[in-house]
Amino acid sequence: MAVEATANIGVVGLAAMGSNLARNLARHGNTVALYNRHVERTEKLVREHGDDGEFVPSATVADFVASLKRPRTAIIMVKAGAPTDAVINELADAMEPGDIIVDGGNSYFEDTIRREKAIRARGLHFVGCGVSGGEEGALNGPSLMPGGTEESWRTLGPILTSIAAVAEGEPCVTHIGENGAGHFVKMVHNGIEYADMQLIAESYDLMRRGLGMEPAEIGDVFAAWNGTELNSYLIEITADVLHEVDKATGRPLVDVIVDHAGMKGTGTWTVQTALTLGVPVTGIAEAVFARGLSSQTVQRGAAAKAGLSGPQARLDVSAADRDAVIEDIRHALYASKIVAYAQGFDEIMSGAKEYGWNIDLAAVARIWRGGCIIRAQFLNVVSDAFESGDADVSLLFAPYFRKAVDEAQESWRRVVAKAVEGGLPVPAFSSSLAYYDGLRSGRLPAALIQGQRDFFGAHTYGRVDRPGAFHTLWAEPGRPEVEA
Ligand code: NDP
């Protein structure tokens with residue numbers, strides 16, 4: 001029997017993310033076609049959540065495609081990499097020109113650019129769409145970052161808008177730009193998330209080991225900080241994690257969790273891409289490296305055994321000064337966070353230039369205000385800064401953030417200095433501060449590096465007093481300078 005085309009959207013891949021996204025779509029009035037390689041997942045979704053709305057399950061790709069109204073629009077939520085390629089090809093074979101394939105997985109943006117080109121050549125639209133907020137976000141409202149053509153956005157926009165998180169009355173979705181722009185922005189979002197988490201972890205360490213505070217006490221500090229400009233989802237859940245007690249041992253849960261931070265690769269991609277683009281994302285890079293160091297079990301074990309020398313990871317602070325130091329840490333966290341965001345947006349600006357995307361940075365900040373892991377009050381002012389043009393060069397030059405860093409920086413410097421003296425690692429705090437000081441230095445020691453490069457490799461240098469490229473004949477008597 002011929003399958004009737006009744007669904008306005010389809011979802012392929014019904015594991016945790018796909019099934020929640022399908023349910024969210026159905027709950028918002030969409031008729032959702034369903035397909036999963038193993039039909040059991042499809043059956044389970046309809047059995048357990050059929051009441052959420054209109055579902056049209058299919059056991060084959062052909063039936064799935066036939067159940068979609070034109071232009072047929074299908075969101076793929078399967079494992080990134082080869083499985084995604086396989087499903088894209090299967091769908092493209094069954095679809096017709098004008099139809100839209102959306103990859104909602106965590107794909108690398110260069111893959112998305114490649115796939116978009118190949119699918120466009122077949123007359124179909126391909127949209128790489130960043131989906132943030134995990135399983136909970138997929139069900140109750142994610143932040144969505146779709147790329148692809150304007151034409152596909154006209155069909156897809158209302159559908160994605162119906163399921164996106166809402167922040168201050170606005171849906172957390174915008175058309176980011178052509179081809180891989182959506183996945184690029186999602187990648188940088190994740191890089192910023194790494195930096196945010198590392199900065200919070202360093203703040204925690206300064207209080208836990210540096211000041212000898214108990215996790216619950218530190219949880220209270222984070223809960224209080226959530227009432228300040230640091231207000232955010234990550235600060236809020238940090239307080240919850242630190243208040244959690246392990247049922248088996250009665251100890252703070254954080255004390256029984258193995259201290260190896262895992263990662264799935266988007267932070268690494270952010271840093272690799274930044275290196276290729278020549279953008280210094282030092283805070284994000286240190287966050288990725290810090291996770292790497294945490295998981296270097298062999299080296300850390302050997303270091304503990306060898307008893308490498310150094311201070312005992314305590315801050316030299318009297319009881320009377322403790323609260324002032326905690327306030328310093330809060331300021332250091334805020335200033336470093338501003339740097340991390342400035343660097344992340346810098347990477348988006350550079351990526352947009354390199355790949356020819358017209359990305360509205362104010363809109364990006366706005367759609368991160370809800371649904372995603374880095375959602376925060378702070379993004380309102382970030383958005384305003386880009387909207388007004390004050391952050392055209394860097395977020396750090398927008399008056400609001402200039403003032404914030406100005407007010408925070410004495411504390412920031414004290415925290416980094418005390419941490420270094422006390423032997424507490426604060427790679428994200430200190431690298432963010434070094435970036436800030438580097439940025440504001442009128443003259444950098446890079447002049448010496450150019451001299452060295454010219455000495456050993458005749459790489460030439462520019463002069464401060466006249467244009468051109470110059471080379472010193474270092475080996476010749478009198479070291480004459482020639483114009484290169
Ligand atoms: P998984 O990444 O665990 O992928 C499982 C799904 O992929 C199943 O539906 C599975 O089908 C399907 N699949 C695997 N291999 C193939 C194949 N060769 N052909 C067809 N289908 C295949 O599921 P998640 O729900 O966790 O994530 C889905 C996507 O969303 C991933 O790309 C992930 O990176 C991304 N994502 C995940 C987030 C999260 O928080 N988990 C957040 C944002 C994005 P079957 O049941 O038949 O095995």
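This is a predicted model: local features need pLDDT of at least 70, side-chain atom pairs count only at pLDDT 80 or more; totals for chains, interfaces and linings use all residues.

Our first stop comes from a record: in an unreviewed entry, UniProt places the feature "active site" at Lys186 and Glu193. Find helix H8, which covers residues 181-210, and you'll find Lys186 in it. Glu193 is found in helix H8 too.

Now zoom in on Lys186. Is this residue buried or exposed? Its relative accessible area is 5%, and anything under 20% counts as buried, so Lys186 is buried. What does Lys186 touch, if we skip its neighbours within four places in sequence? The contacts are Asn106, Gly130, Val131, Ser132 and Met145. Take a closer look at Val131 in that group: its backbone oxygen lies 3.5 Å from a polar atom of the Lys186 side chain.

Slide along to Glu193. With a relative accessible area of 15%, Glu193 also falls under the 20% cut-off, so this residue is buried. Again leaving out neighbours within four places in sequence, Glu193 is in contact with Leu234, Ile373 and Ile374.

Next up: the gaps. Rolling a probe the size of a water molecule over the atoms shows where empty space is left. In this model, the count comes to 4 cavities of 30 Å³ or more. The largest cavity holds about 50 Å³ of space. Which residues line the largest cavity? Look for Leu206, Leu315, Val325, Asp328, Ile329, Arg414, Val415, Lys418 and Ala419. Two elements give two or more residues to this lining: helix H15 (322-355) and helix H18 (399-422). H18 gives the most, with 4 residues. Sort the lining by class and you get 6 nonpolar residues, 3 charged ones and no polar ones.

Last stop: Met95. You'll spot it in the loop between helix H4 (82-94) and strand S5 (100-103). Apart from neighbours within four places in sequence, Met95 is in contact with Val65, Leu68, Arg72, Ala74, Ile100, Ile101 and Leu124.

How values were computed. Residues are numbered from 1 along each chain as its sequence is written. Side-chain values use heavy atoms; hydrogens and water are left out. UniProt positions are given in the numbering used here, feature names are shortened, and annotations may be inferred rather than shown by experiment. Buried means under 20% relative accessible area, exposed over 50%, partly exposed in between (1.4 Å probe, protein chains only). Contact means heavy atoms within 4.5 Å. A polar contact is a pair of N or O atoms within 3.5 Å; within protein, one must be able to donate a hydrogen and the other to accept it, and residues adjacent in sequence count only if both atoms are side-chain atoms. On a 1 Å grid over the protein atoms alone, a cavity is a set of points where a 1.4 Å probe fits but cannot get out, and a pocket is an open set with protein on both sides within 12 Å along at least five of seven lines; lining residues have an atom within 4 Å of a point. Grid points are joined across faces, edges and corners, and a volume is the space filled by probe spheres set on the points. Ala, Val, Leu, Ile, Met, Phe, Trp, Tyr, Cys and Pro count as nonpolar, Asp, Glu, Lys and Arg as charged, and the others, Gly among them, as polar.
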